Amino acid sequence: MAAREPLAPARRLGDKARWYRPAAVAADFFGAAVPVGLVFDAAQQVRPVYCALAAAVAWTGVQALRRRYATRALGESRGVLPVVHDWLILIGVLAVARVVTEEATPRLSALGALLPALLITIAVHKLTYRHLSAARREAQAVSRVLVVGEPDAAEDVIAHLAARTDHPYVVVGVVPVGAGPLASGVPVAARLDGSAPEAPNGDSAAVLGAVASHHADLVLVAPGVRITGERLRRIAWALHDTGLELAVFPGLVEVSVKRLETLSAGGLAVLRVAPPVSRGVQTLLKSALDRVGAAAGLLLLSPVLLGIVLAIRLGSRGPAFYRQRRIGRDGVPFVMWKFRTMVVDADALKAELSGSNENDGLMFKMRRDPRVTRVGRLLRRTSLDELPQLVNVLIGNMSLVGPRPPLPEEVAEYDEVELRRLTVRPGMTGLWQISGRSDLSWDETIQLDLQYVDNWSFTSDVDVMGRTLRAVVDGRGAY
């Protein structure tokens with residue numbers, strides 16, 4: 001059989017900026033070399049230049065081994081925790097080198113000299129993330145995707161990708177397998193025979209032709225009974241022989257990649273999905289962080305809390321605190337504390353305003369709720385009205401991070417899917433808080449809560465708390 005000639009590389013709408021990798025490498029190298037050189041020189045170390053070069057090579061080496069300079073990774077994450085993890089590895093590597101070389105610079109000075117490397121790398125990650133996000137909003141730096149699958153399965157994948165913006169994929173064509181209508185409006189690039197599921201010889205040519213005509217970067221296959229393993233293998237051969245990529249959607253949604261593991265069983269590729277974390281060291285760390293954080297917050301913020309109490313009492317008639325019955329973990333009710341932001345008879349007036357609800361689900365939200373007091377608007381805008389919930393966290397009703405605590409009347413309307421958000425303790429902040437708050441639809445709120453419940457980890461809690469500060473300062477969706 002004559003060898004196939006490779007297709008020309010697919011044209012992209014816009015590649016990632018070429019300065020990402022050199023900027024990242026340069027920042028890591030000089031961010032480690034310069035501070036170490038200056039500190040070691042001030043400490044009268046015998047060879048400060050060699051130490052600076054060693055630190056720089058070690059830091060860039062750790063980043064390279066962790067594949068932080070790979071095209072797929074550049075600009076994709078603004079997370080702090082992966083960088084901190086890499087930095088701790090660097091500390092371990094240099095600690096071993098320190099023992100071997102008998103280097104005598106004071107430990108605290110050496111550790112302080114490495115701190116700028118961590119901060120500079122974090123800053124560059126955030127810069128590239130923001131630049132890449134802006135480029136994708138302008139339909140640049142995206143991956144052009146060709147979806148292959150049975151019509152219904154392909155439509156589901158297309159709809160899911162179209163509804164989200166937190167990914168680099170734009171669907172430019174679809175190759176349905178078998179007959180059936182498509183309502184997404186995505187161009188049909190080709191159609192595969194659905195009556196011959198074994199491995200029709202024309203599959204590869206049809207898919208390669210569709211890739212070429214639509215300049216696709218990636219072929220995404222949706223599962224279905226007409227796409228057998230042998231059929232998929234031959235399509236993969238054709239794509240890989242021409243230097244093109246193939247991805248298979250396993251049918252899972254909102255499952256973190258940290259819970260996925262690829263296995264091989266008798267030649268079969270198996271995808272193992274680990275259960276959500278519900279016990280162990282991470283849960284103990286979360287509980288400790290909740291209690292210690294709540295106690296420290298109440299102690300350190302006590303002057304602020306007192307000032308808010310006075311402002312509320314002077315601003316309107318009524319108590320400073322507002323107590324409300326909410327539903328906690330496993331459906332157990334509890335009394336949640338907040339600063340009062342509305343007039344004293346707000347609950348009685350809610351029925352009169354039911355027709356003005358701006359939320360599309362079970363929550364009641366109004367952008368300009370007439371029941372909110374002047375002081376209350378400021379408290380809501382800054383999220384200071386939530387601070388008394390530190391008491392709920394301290395006594396164990398709530399967590400610092402978790403789903404929004406629902407009202408009993410909301411829970412009464414929950415279906416089986418929505419009830420799953422009650423399997424963890426509700427939180428003062430969470431994915432809902434940092435993703436738009438009241439600007440989100442009901443479905444978006446539920447999906448974020450379920451994503452948290454299924455993919456929770458201690459490190460994700462720390463990341464959410466870090467991003468909460470920016471969300472509070474921004475104030476988007478707070479009303």
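P176 lies in strand 2, which spans residues 169–176, and the model in which it is placed is a predicted one.

**Surroundings of P176**
- P176 has a relative accessible area of 0%, and it is therefore classed as buried, the limit for that class being under 20%.
- When neighbours within four places in sequence are left aside, the residues in contact with P176 are G149, P151, L182, V188, A190, R191 and L192.
- One of these contacts, V188, stands 12 residues from P176 along the chain, and the C-alpha atoms of the two residues are separated by 7.4 Å.

**Nonpolar surface patch**
- A nonpolar patch on the surface is formed by F30, V34 and L38, which together have about 320 Å² of accessible area.

**Cavities**
- The model holds two cavities of 30 Å³ or more, and the largest cavity has a volume of about 40 Å³.
- The lining of the largest cavity is made up of A24, D28, Q63, R68, Y69, T121, V124 and H125.
- Helix 1 and helix 4, the latter covering residues 107–137, each supply at least two residues of that lining, and helix 4 gives the most, with three residues.

Conventions:
Residues are numbered from 1 along each chain as its sequence is written. This is a predicted model: local features need pLDDT of at least 70, side-chain atom pairs count only at pLDDT 80 or more; totals for chains, interfaces and linings use all residues. Side-chain values use heavy atoms; hydrogens and water are left out. Helices (H or I, at least four residues) and strands (E, at least two) are DSSP runs, numbered from the N terminus. Buried means under 20% relative accessible area, exposed over 50%, partly exposed in between (1.4 Å probe, protein chains only). Contact means heavy atoms within 4.5 Å. Patches are made of residues with over 30% relative accessible area and no salt bridge: like charges are joined within 9 Å, nonpolar side chains (Val, Leu, Ile, Met, Phe, Trp, Tyr) within 5 Å. Accessible areas come from the Shrake-Rupley method with a 1.4 Å probe; for residues, only the protein chains shown count as cover. A salt bridge is a side-chain nitrogen of Lys or Arg within 4 Å of a carboxyl oxygen of Asp or Glu. On a 1 Å grid over the protein atoms alone, a cavity is a set of points where a 1.4 Å probe fits but cannot get out, and a pocket is an open set with protein on both sides within 12 Å along at least five of seven lines; lining residues have an atom within 4 Å of a point. Grid points are joined across faces, edges and corners, and a volume is the space filled by probe spheres set on the points.
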